[in-house]
Amino acid sequence: MFILSEDSQRTQGRDAQSSNIMAGKAVAESVRTTLGPRGMDKMLVSSAGDVVITNDGATILNKMDIEHPAAQMIVEVAETQENEVGDGTTTAAVLAGNLLGEAEDLLDQDVHATTIVEGYHEAARIALEAIDEQVVGSEVDDDVLKQVAESSMTGKGTGGLTAEALAETVVSAIRHVDGEDGVARDNVTVHTEVGASSNATEMIEGIVVDEEPAHDEMPTTVEDADISILDVELGVRTGDVDAEYSIDSIDQLNAALDAEESELRGYAQTVADSGVDVLFTTDSVDDRVASFLANEGVLVFDDLNNKDARKIASATGAARVGALDDLADSEFGHADRIRTETYGDEDLVFVEGGAAAEAVTVFVRGGTDHVVDELERTIGDALDVVSTALDSGEVVPGAGATEIAIADRVRSEAAGVEGRKQLAVTAFADALDIIPRTLAANTGQDPIDVLVDLRAAHESEGRAGLVTDGESVEISDPIEHGVVDPADVKREAIESATEAATMIARIDDVIAAE
Ligand code: ADP
Ligand code: MG
C-alpha cells in the first residue's frame, strides 16, 4: 500500500541520521575559520551580485542561502543566538556542529539516539552549572563593559578604528539608555553614512533622521527648540482646486490668486503664532507657506514618514497634532538642539537632547559601503553584548577558558552517570573542546598541543585561555588581559547548540515531498 505520492523522497534509519548530521556539520564547519580574534572574513556574493564581507557568523549563515532542512537548523541556532544575546553566533554554530559529529561516532558504536539525547541534556545541565562557577566575582563596571565590547569586536571589521575607541563609544551609548528598568537597548540606533573616514564615527545624544528642510532659507540649527508634529497638509486644499471657477477677467484671476495667497499666509501665520520653533509635518507644505515660515525663522520638515514621526515624538515628547487650529494649544515637544547637515546627497536632521527619552545614535562613518556595513554589524553586536552584560551583571573569562573549565567539569561528572548515557556526557565534553581548538587553529597554533597545555594550566592555575594580544598568542588568564564574554552568551550557546544537535540526532525518517 502506498500512502505517499510517488514523487516524495524518503530516507530512513541510519541513512537519514547520517545525511542530516553531515549537513549540519558542514554548515558549522563553514564558519569555523571566522572564530576568534584571528578569525578570517568571508566574502559572500549573492545571485544578484551583491557582495558582503563579514566575520559575523549569523550574517554568513543567513546569507548562504542554505536549503537542507537539518543545515537550516544550525542557521537557526545562530539566529536565536543573535536575537537573544547578540553575540556568540559562531561559537554556537560550531558547537552544534561538533555535538553532531560526536553523536555520529556514538551512533556508529550503536549507542541509541535517545540515549545520546538524554546524555547531552544531562551534560548541558552540568555545563550551565559550570558557567555559574566561572562568573567573575568583581562588579561589572565601565572598564569591564569596555572589555566585553572589545572582546566581542576582536577579529571583526572596525574600519581601521581601534577597538578601544569603539568600545568607549558603545559603552557610553549603553550607559545613556540604562535606566531603572534595565537597558533600553532599542533606544540606541546605529546610523551609517558613507563618505568620511571611520574616525568620524561618533555618538550623538539623540536621534538622526533622514529629512530635508522644506525651504533653503530656513535656519540650519535651532537651539532649545519647541517642536511639534503635524499631520495636516499646509497647502491649498485639493478640493478647492477641483471646484469650477469661471474666471473671465484678469481681475477675477488676481482675486482668486489673492484668496489663495491669503489662505496660505493664514496657515503660515497660525504656525508662526503658535510659537513652535521646529515643525515636522507628515503631509506636504506648499512652497509659499514654506517661504513665509522661512521668513519667520521657523524650521519645517515636510512629508515626514511615519517611522521618523514616531521616533521624533518619542524622543522629544511632541504630541501628534491632527488639525492646524489645535497647534497653538498642543503640547510641544522639546530638544536641546536640532540641526540639519548634508552628507553627499543626503540631508540629515539631528535631534539632540530630546526631553522625553534618552535616545542615542551611534553615527557610523566609513569610506565605503562595505566598511560601514561591517562596522554597523560589529557595533550592533557590541551594543548587544554590553547590554547583555550590564543587564545580567555577569561575565566569564573568554579565549576558550570557560569552555576548558566546562569540559573539565562535565568530564569529571560523567563518571557518575550510569550506563551508555555516560558516553554521551563525555562526548559532550569532547565537543566543547572545539572552541579552544579552533581558537588555536585560527591563530596558527597546533590545536592538540594547545588543548593539552590549556588543560594543564587549568589544572594548576585555575583559569587558562589562549589569549591573543596584538601579535602575541599565549596561554594565560584571560581576565588579566581583559578578555571577557557575558555569561549569558555562553549559556545561550550551550542551550541552543544542544537543542539543535539533539533535535537533528533524533530524526530517523525524512520524507520530502517533491
Ligand atoms: P562569536 O560569533 O562566537 O562571538 P567571535 O569570532 O566573535 O565568534 O569569537 C569569539 C571568541 O573569541 C570568544 O570565545 C572570545 O572569548 C574569543 N576572544 C575574543 N577576544 C579574544 C582575545 N583577545 N584572545 C583570545 N580570544 C578572544
Ligand atoms: Mg563575537
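## Pairing of strands E6 and E15

In this predicted model, strand E6 and strand E15 (residues 360-366) run parallel and are joined by seven bridges. One of the residue pairs can be named: Thr189 has Thr361 in E15 as its bridge partner. In general, the strands of a sheet pair through backbone hydrogen bonds, and the pairing is either parallel or antiparallel.

E6 and E15 belong to an open sheet of three strands, ordered E6-E15-E7, in which the pairing is mixed. Strand E6 (188-194) and strand E7 (202-204) are the edge strands, each pairing on one side only. On average, neighbouring strands of this sheet are turned by 25° against each other, with direction ignored.

## Helices across the sheet

Two helices that lie across strands of this sheet can be described. Helix H7 (residues 163-176) lies across E6, E7 and E15, and its direction is at about 15° to E7. Helix H12 (residues 369-392) lies across E6 and E15 and runs at about 165° to E6.

The loop between E6 and E7 holds Ser198. With a relative accessible area of 8%, Ser198 is classed as buried because this value is under 20%. Between the C-alpha atoms of Ser198 and Thr378 the distance is 13 Å, while the two residues are 180 residues apart in sequence.

## The largest pocket

The largest pocket holds about 860 Å³ of space. It is lined by 39 residues, and those closest to its centre are Gly36, Pro37, Ser151, Thr154 and Val483. By residue class, the lining of the largest pocket comprises 10 nonpolar, 21 polar and eight charged residues.

Several helices and a strand contribute to this lining. At least two residues each come from helix H4 (89-108), H6, helix H15 (434-442), strand E17 (465-469) and helix H17 (487-506).

Which helix contains Ser151? Ser151 is found in helix H6 (residues 142-153), and H6 is among the elements that supply at least two residues of the lining of the largest pocket. Ser151 itself is one of the lining residues closest to the centre of that pocket.

Is Ser151 buried or exposed? The relative accessible area of Ser151 is 16%, so Ser151 counts as buried, the limit being under 20%. Leaving out residues up to four places away in sequence, Ser151 touches Gly482, Val483, Val484 and Asp485. Of these contacts, Val483 is also listed with the residues closest to the centre of the largest pocket.

How values were computed:
Residues are numbered from 1 along each chain as its sequence is written. Chains are lettered from A and ligands numbered from 1 in the order in which they are written. This is a predicted model: local features need pLDDT of at least 70, side-chain atom pairs count only at pLDDT 80 or more; totals for chains, interfaces and linings use all residues. Side-chain values use heavy atoms; hydrogens and water are left out. Two strands pair if DSSP finds at least two bridges between them. Helices (H or I, at least four residues) and strands (E, at least two) are DSSP runs, numbered from the N terminus. Axes are lines fitted to C-alpha atoms, for helices over the stretch in contact, and angles run from 0 to 180 degrees between N-to-C directions. Contact means heavy atoms within 4.5 Å. Buried means under 20% relative accessible area, exposed over 50%, partly exposed in between (1.4 Å probe, protein chains only). On a 1 Å grid over the protein atoms alone, a cavity is a set of points where a 1.4 Å probe fits but cannot get out, and a pocket is an open set with protein on both sides within 12 Å along at least five of seven lines; lining residues have an atom within 4 Å of a point. Grid points are joined across faces, edges and corners, and a volume is the space filled by probe spheres set on the points. Ala, Val, Leu, Ile, Met, Phe, Trp, Tyr, Cys and Pro count as nonpolar, Asp, Glu, Lys and Arg as charged, and the others, Gly among them, as polar.
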